[in-house]
Amino acid sequence: MGNGRKQQILDTAAGLFAERGFHGVSVHDIGTAIGVSGPALYRHFDGKDAILAEMLVDISNRLLDEGGRRVESASTALESLQSLVDWHVDFALTYPSLIVVQEREWANLPEKIQDTVRATQLAYIDLWVTALRTLRPELDVRSARAAAQAAFGLINSTPHSARIGRPAMRDLLTEMAVAALLGRAASGS
C-alpha cells in the first residue's frame with residue numbers, strides 16, 4: 001500500500017461519511033469498500049478520527065495551494081478573482097462529498113485540527129479578499145471576507161443543487177458567484 005492507497009482511503013471515507021455520517025461508518029466499512037481488511041487501514045491512519053482530520057486538513061491545503069497558484073499566475077485582480085471562482089466551482093463539482101463532510105462533520109474534529117483547518121481556510125479566503133478589495137475598494141476586510149464566504153455558500157451548494165448537468169451547473173455557479181462578488185446582477189446591470 002502506497003500513497004495511492006492512502007488517497008483511496010480518504011476518497012472512499014469521504015463518500016461514506018457524506019452518505020452515512022461520520023458516526024455511521026466504521027473502519028471496517030471503509031476497508032470493505034476498498035477491498036482490504038479494516039485493520040489494514042491502520043498502516044496509514046491511527047483510526048477513523050485520523051482519517052477525518054487528514055481529509056479536512058487536506059481539503060483546505062488543496063484549496064489554498066491551487067488558489068495561490070492561480071492568483072500568482074493572474075495578471076489582474078479580475079482575472080485572479082475569476083480564476084479563484086473557477087477553481088472553487090471545479091472543486092465543488094468534482095468533490096461534493098468533501099463539501100458535505102466539511103459542513104457536517106466539523107464538530108467531530110479535535111480542537112487542534114479545527115484550528116489548523118480554520119487558519120488554512122482563512123489564508124484561502126484572504127486570497128479572495130485581496131482580489132475583491134482591489135476591484136471593490138469600498139469593502140473593508142470584514143465585508144470582503146463575508147462576501148467571499150457568501151460566494152462559497154453559493155458554490156458549495158452543489159451537493160444539494162447540481163441538478164442540471166455539470167457543464168450547465170458550472171456556468172451557472174460561475175456567473176452567479178462572479179456577479180455577486182462584484183456587486184452586480186448576473187445580467188450585468
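I looked up Asp90 and found it partly exposed, at 23% relative accessibility (under 20% relative accessible area is buried, over 50% exposed, in between partly exposed; 1.4 Å probe, protein chains only). The model is predicted, so I note that local features need pLDDT of at least 70 and side-chain atom pairs pLDDT 80 or more, while totals for chains, interfaces and linings use all residues. Residues are numbered from 1 along each chain as its sequence is written, and side-chain values use heavy atoms, without hydrogens or water.

**Entry: the partner of Asp90**

Which residue forms a salt bridge with Asp90? I found Arg170, with the closest N and O atoms 2.8 Å apart (a salt bridge is a side-chain nitrogen of Lys or Arg within 4 Å of a carboxyl oxygen of Asp or Glu). Asp90 lies in helix H4 and Arg170 in helix H9 (residues 166-182), so the pair ties together parts 80 residues apart in sequence (helices are DSSP runs of H or I, at least four residues, and strands runs of E, at least two, numbered from the N terminus). Arg170 is partly exposed, also at 23% relative accessibility.

**Entry: other salt bridges**

I noted a count of 11 salt bridges by this rule. One of them joins Glu54 to Lys6, where the closest N and O atoms are 3.4 Å apart. Because Glu54 sits in helix H3 (residues 48-73) and Lys6 in helix H1 (residues 3-20), this pair ties together parts 48 residues apart in sequence. Glu54 is partly exposed at 30% relative accessibility, and Lys6 is partly exposed at 23%.

I then looked at Asp29, which forms a salt bridge with Arg20, the closest N and O atoms being 3.3 Å apart. Asp29 has a relative accessible area of 22% and is partly exposed; Arg20 has 41% and is partly exposed. I also found Glu66, Arg69 and Arg70 linked in a network of salt bridges.

**Entry: along H4**

I checked the length of H4: its 18 residues should span 26 Å at 1.5 Å a residue, and its end C-alpha atoms are 25 Å apart, which agrees (the expected span is 1.5 Å times one less than the number of residues). The buried residues of H4 include Trp87, His88, Val89 and Phe91. Ser80 is in H4 and is buried, at 5% relative accessibility. What does Ser80 touch, not counting residues up to four places away in sequence? I found Val71, Ala74 and Ala131 (contact means heavy atoms within 4.5 Å).

**Entry: H4 against H5**

I found H4 (residues 77-94) packed with helix H5 (residues 96-105) at an angle of about 90°, their axes 5 Å apart. The two helices are therefore roughly perpendicular to each other (65 to 115 degrees; under 35 is roughly parallel, over 145 roughly antiparallel, the rest oblique). Axes are lines fitted to C-alpha atoms, for helices over the stretch in contact, and angles run from 0 to 180 degrees between N-to-C directions. On the H4 side the contact is made by Phe91, Ala92, Leu93 and Thr94, and on the H5 side by Pro96, Leu98 and Ile99.

**Entry: Thr12**

Is Thr12 buried or exposed? I found Thr12 buried, at 19% relative accessibility, in helix H1. Leaving aside neighbours within four places in sequence, Thr12 is in contact with Ile30, Ala33 and Ile34. Its C-alpha atom is separated by 16 Å from that of Pro39, which lies 27 residues away along the chain.
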